[in-house]
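Hi everyone, thanks for making time. Let me put the structure up on the screen, and then I'll walk you through it.

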Amino acid sequence: MTRIGVLGPGGVGGVLAARLGAAGHEVSVLATERTAAAITMAGLRLTAPDGETVTAPVARPWLTAPVDLLIIAVKATDLLPALTRVPAALLGAATIVPFLNGIDHPALLRAAYPAATVVPASISIEATRHRPGVVEQLTSMADLVLADDTPAGAAAVGLFAAAGLTVATQSDEASVLWRKLGFLAPLALATTAADQPIGAARDAAPQRLRALVEETAAAAGTAGVRIDPDFVGSRLAALPPTMLSSMLKDRRSGRALELDAIAGPVVRALGADRAPTTVAVAREILAAT
Ligand SMILES: NC(=O)C1=CN([C@@H]2O[C@H](COP(=O)(O)OP(=O)(O)OC[C@H]3O[C@@H](n4cnc5c(N)ncnc54)[C@H](OP(=O)(O)O)[C@@H]3O)[C@@H](O)[C@H]2O)C=CC1
Ligand SMILES: CC(C)(CO)C(=O)C(=O)O
């Protein structure tokens with residue numbers, strides 16, 4: 001049994017907290033005051049294609065006891081304030097597995113928690129937090145990718161897999177994060193700018209979608225990660241037409257967008273001149289939100 005903390009028990013964090021709790025781990029969630037109270041009073045309810053579970057993790061607004069592994073699943077826009085709930089002295093040499101979209105957060109986490117080991121990770125899932133303590137996994141897809149180039153990373157892979165989650169590995173941080181972004185950035189930017197699911201967004205502007213794919217692949221190349229634009233294009237073409245990105249869901253709910261976390265790395269890697277479509281689409285989104 002591993003002591004696991006989950007910072008941000010929303011869509012992603014709620015699914016992982018529920019599944020790891022059901023697998024017998026000692027799970028505590030670190031949440032906003034209201035969510036911590038809701039989970040303390042009524043538990044954490046997960047509805048998923050394989051059924052409904054109610055688990056009873058310990059919920060608190062900040063870490064009060066050591067954990068072996070800390071999952072971070074807040075939005076990038078909330079990361080900095082959320083970290084105040086986890087004192088570095090208490091976290092010590094724990095393993096941190098962040099599931100945020102984007103590229104830039106591991107550096108912040110390493111600076112904030114110098115004794116910990118940060119294991120870069122990504123997740124492909126469609127998960128939603130309906131209200132505090134009530135989350136839904138919408139499809140059976142729940143695919144984790146972790147960097148297994150450290151003993152802590154290899155141990156975390158084993159822990160998630162033993163809880164029944166699908167886990168793939170990459171040997172380095174850049175590959176984990178850029179491969180996710182190589183697919184996500186075109187999907188999120190195209191759908192959010194169009195305010196349409198991927199089917200309508202790709203039909204309305206196929207060349208623009210292709211340009212987003214090529215710019216993100218070129219940006220990944222600057223970090224030594226080779227992404228084939230044709231492969232990403234075929235994955236995007238195969239998505240169900242009704243699929244939304246989490247950025248579009250955020251736009252429609254009036255929540256803060258992870259625009260810097262998703263478009264920023266592409267523009268910072270290439271410069272604005274070599275990422276004209278990413279810049280134009282991001283500016284449209286900024287103007288509309
Ligand atoms: N949802 C999805 O399907 C996917 C999401 N991702 C990525 O995963 C990450 C998490 O996204 P997602 O699960 O959708 O986000 P949600 O909004 O569903 O959940 C975020 C959680 O963070 C909590 N939170 C916000 N601010 C703080 C704070 N200051 N202190 C503590 N907790 C806080 C929220 O609390 P409260 O509930 O109290 O508001 C909420 O529980 C993002 O980077 C996203 O891009 C990646 C793949 C798919
Ligand atoms: C790629 C996708 C849709 C699924 O995980 C996602 O990560 C997101 O929308 O944020």
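First, a word on naming: helices (H or I, at least four residues) and strands (E, at least two) are DSSP runs, numbered from the N terminus. Residues are numbered from 1 along each chain as its sequence is written, while chains are lettered from A and ligands numbered from 1 in the order in which they are written. Please remember that this is a predicted model, where local features need pLDDT of at least 70, side-chain atom pairs count only at pLDDT 80 or more, and totals for chains, interfaces and linings use all residues.

Let's start with the overall picture. The protein has 13 helices and eleven strands.

Now the domains, whose bounds come from an automatic or database domain assignment. The protein is divided into domain 1 (3-171) and domain 2 (176-288). Their centres, taken over C-alpha atoms, are 25 Å apart. Across the boundary, 15 residues of domain 1 are in contact with twelve residues of domain 2, contact being C-beta atoms, placed from the backbone, within 7 Å. On the domain 1 side, β9 and β10 (134-147) each give two or more residues, and β10 gives the most, with three.

So where does ligand 2 lie? Domain 1 and domain 2 both give residues to its shell, so ligand 2 lies between them. The residues around ligand 2 are N101, S124, I125, E126, L184, L187, A188, S245 and S246; each has its C-beta atom, placed from the backbone, within 6 Å of the ligand. Both β9 (121-131) and α7 (173-194) supply at least two residues of that shell.

Finally, a look at helix α2 (residues 33-42). Its buried residues are T35, A36, A38 and I39; buried means 20 or more other C-beta atoms within 10 Å of a residue's own, exposed 12 or fewer, and partly exposed in between, with C-beta atoms placed from the backbone. Seen down the axis of α2, they fall within an arc of 165°, so they line one face of the helix; the arc is that of the directions from the helix axis to the C-beta atoms. These buried residues pack against β2 (26-30), β3 (44-48) and β5 (58-60). The face turned away carries the exposed residues E33, R34 and M41. Just after α2, G43 takes a positive phi of about 80°.

Definitions and conventions:
Contact = placed C-beta atoms within 7 Å.
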